[in-house]
Amino acid sequence: MDASLSSHSNNWSNASTKTVEYLFEQANLRGAISEDRRILVTVVMTAIIVVTMFGNVLTIIAIGTDRSLRSIHNIYIASLAAADFVVSGFVMTVFLCYSIVLHGQWFGGQLFCDIWQCIDNAVCTTSLLSICAITYDRHLTLSYPLRSKYVRTRRKALIAVCLLWVLPLIFWIVVLCVQRQLYRESGPEHR
């Protein structure tokens, strides 16, 4: 294994900032993007973020206010919209500021970096699990139309959505705590 790769694989415990810095250095992104392209990317990404947030807010409002849309299936859709709203509103916005606007210079300190990384991983996991829940709900409805009325209840769907949000958050908090502990236990030569 290459010595530079070996040294970087030993730094996995400080991945929250060092991984992105390493990628910037390897791709030479710190100086590779001209100012015109940086502005264009910022404008395009900002437009994507705003449209994504707006669409997900509309979805949540529609499901929340229209009684005809309050079906069991749409509970999972609302969960997906909420997760995608957090991804666009917080995760993508912070990453845009960090990577493009501030040229890869972190601005929030280690605690904010850890929180951002944890929320990023947890909410992306929630989004993926929501898609799986939508798929499974559709499968039950189409494959077992008579039996699904008894299996698919509003209460079970709400419990499932709560688990879709809580379990990834707990998992990624534990990963972050283990990561921090391993980082503290590693010597200065691995930092």
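Accessible areas are calculated by the Shrake-Rupley method with a 1.4 Å probe, and for residues only the protein chains shown count as cover.

**Figure 1. Overview of the predicted chain, with its helices and its surface.** This is a predicted model, in which local features need pLDDT of at least 70 and side-chain atom pairs count only at pLDDT 80 or more, while totals for chains, interfaces and linings use all residues. Residues are numbered from 1 along each chain as its sequence is written, and side-chain values use heavy atoms, with hydrogens and water left out. The chain holds eight helices and zero strands, where helices (H or I, at least four residues) and strands (E, at least two) are DSSP runs numbered from the N terminus. The accessible surface of the chain amounts to about 11,800 Å², and 70% of this surface belongs to carbon and sulfur atoms. Of the 191 residues in the chain, 31% are buried, a term that denotes under 20% relative accessible area, as against exposed at over 50% and partly exposed in between (1.4 Å probe, protein chains only). Among the contacts (heavy atoms within 4.5 Å) in the chain with a separation of 6 or more, 75% join residues 24 or more positions apart.

**Figure 2. Close-up of the packing of helix α5 with helix α8.** The axes of α5 (residues 72-101) and α8 (residues 154-185) come within 9 Å and cross at roughly 20 degrees; axes are lines fitted to C-alpha atoms, for helices over the stretch in contact, and angles run from 0 to 180 degrees between N-to-C directions. The two helices are therefore roughly parallel to each other, the class for angles under 35 degrees, whereas angles over 145 count as roughly antiparallel, 65 to 115 as roughly perpendicular and the rest as oblique. On the α5 side the contact is made by I72, I75, Y76, S79, A82 and A83, and on the α8 side by R154, A157, L158, A160, V161, L164 and W165. These residues divide into eleven nonpolar, one polar and one charged, with Ala, Val, Leu, Ile, Met, Phe, Trp, Tyr, Cys and Pro counted as nonpolar, Asp, Glu, Lys and Arg as charged, and the others, Gly among them, as polar.

**Figure 3. Close-up of helix α4 against helix α5, with T46.** The axes of α4 and α5 lie 9 Å apart at an angle of about 160 degrees, which makes α4 roughly antiparallel to α5. The residues of this contact comprise 17 nonpolar, ten polar and two charged. T46 belongs to α4 (residues 35-65) and, at 35% relative accessibility, counts as partly exposed. T46 and L96 are 50 residues apart in sequence, yet their C-alpha atoms are 8.2 Å apart in space.
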